[in-house]
Amino acid sequence: MKLPIFFILLCIIVAGCSKSSAPTTSNAPQTECGVERWSVKTLSDTGTASISWTPIASTIAQQNTFPEVSVSEEETRLSFEKIVVSIQCTISAYKKEDDSDIHLVLLDAQNDSMIGEIPSVDCQEVAGSPYASDFQAASQWVTDNLGKPSTSFKSAKASVTITGVQFQDFEHEEVGHAKNYREIHPVIKIQ
């Protein structure tokens with residue numbers, strides 16, 4: 001017995017409309033994150049190609065001595081943002097930011113401070129980065145050694161060496177900011 005074409009089309013339409021509206025379980029990141037020089041923060045700008053990847057030893061106190069540089073949201077990578085540094089310090093607090101980055105408050109023995117941030121691979125533009133595995137490893141280090149970050153600050157006292165790219169942030173009163181608003185953003189390694 002042949003079914004009328006109308007009935008077949010109706011079945012196809014009903015089947016197409018009855019798909020579940022529940023989220024699909026996919027490992028692909030769905031979130032877009034970040035603003036304010038986001039491509040520089042996540043190493044997805046064209047200036048990334050000119051970064052010198054051999055880390056230079058530095059200190060938080062030294063990073064705090066540089067003059068503050070005023071930047072705009074469209075600012076391309078600055079010359080010192082092409083330098084990777086390694087800094088021995090203490091992670092004193094951490095949290096998950098609104099843009100999904102992990103915010104680390106870094107201190108030295110004299111209580112000089114600065115911020116380090118790890119971009120989240122849950123953000124689709126970060127997951128596609130050639131450095132996504134470095135970001136994931138640094139994030140995993142935080143979870144394994146300090147605990148899972150939440151949206152509120154958690155205290156910590158972990159002596160570490162942070163390696164990452166220097167970054168000039170905007171002047172705003174984030175917890176732990178350097179005097180000149182320099183950051184390590186992104187953090188690419190914690191040991």
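Trp 53 counts as partly exposed because its relative accessibility is 33%, where partly exposed denotes the range between buried, under 20% relative accessible area, and exposed, over 50% (1.4 Å probe, protein chains only). The model is predicted, with local features requiring pLDDT of at least 70 and side-chain atom pairs pLDDT 80 or more, whereas totals for chains, interfaces and linings use all residues. Residues are numbered from 1 along each chain as its sequence is written, and side-chain values use heavy atoms, without hydrogens and water.

A search of the whole structure finds one aromatic pair, a pair being rings of Phe, Tyr and Trp (its six-membered ring) with centres within 6.5 Å. The rings of Trp 53 and Tyr 131 are stacked (planes under 30 degrees apart), since their centres lie 5.0 Å apart and their planes meet at 20 degrees. Trp 53 belongs to strand β1 (residues 52–58), while Tyr 131 lies 78 residues away in the loop between α4 (124–127) and α5 (132–145). Tyr 131 has 19% relative accessibility and therefore counts as buried.

Elsewhere, the charged end of Arg 182 sits over the ring of Phe 80, 3.5 Å from the ring centre; this term requires CZ of Arg, or NZ of Lys, within 6 Å of the centre and within 35 degrees of the ring normal.

The chain contains five helices and six strands, taken as DSSP runs (H or I, at least four residues; E, at least two) numbered from the N terminus. Their order along the sequence is α-α-β-α-β-β-β-α-α-β-β. Of the 191 residues of the chain, 46% are buried.

Terms used:
Phe/Tyr/Trp six-rings, centres within 6.5 Å; stacked < 30°, edge-to-face > 60°.
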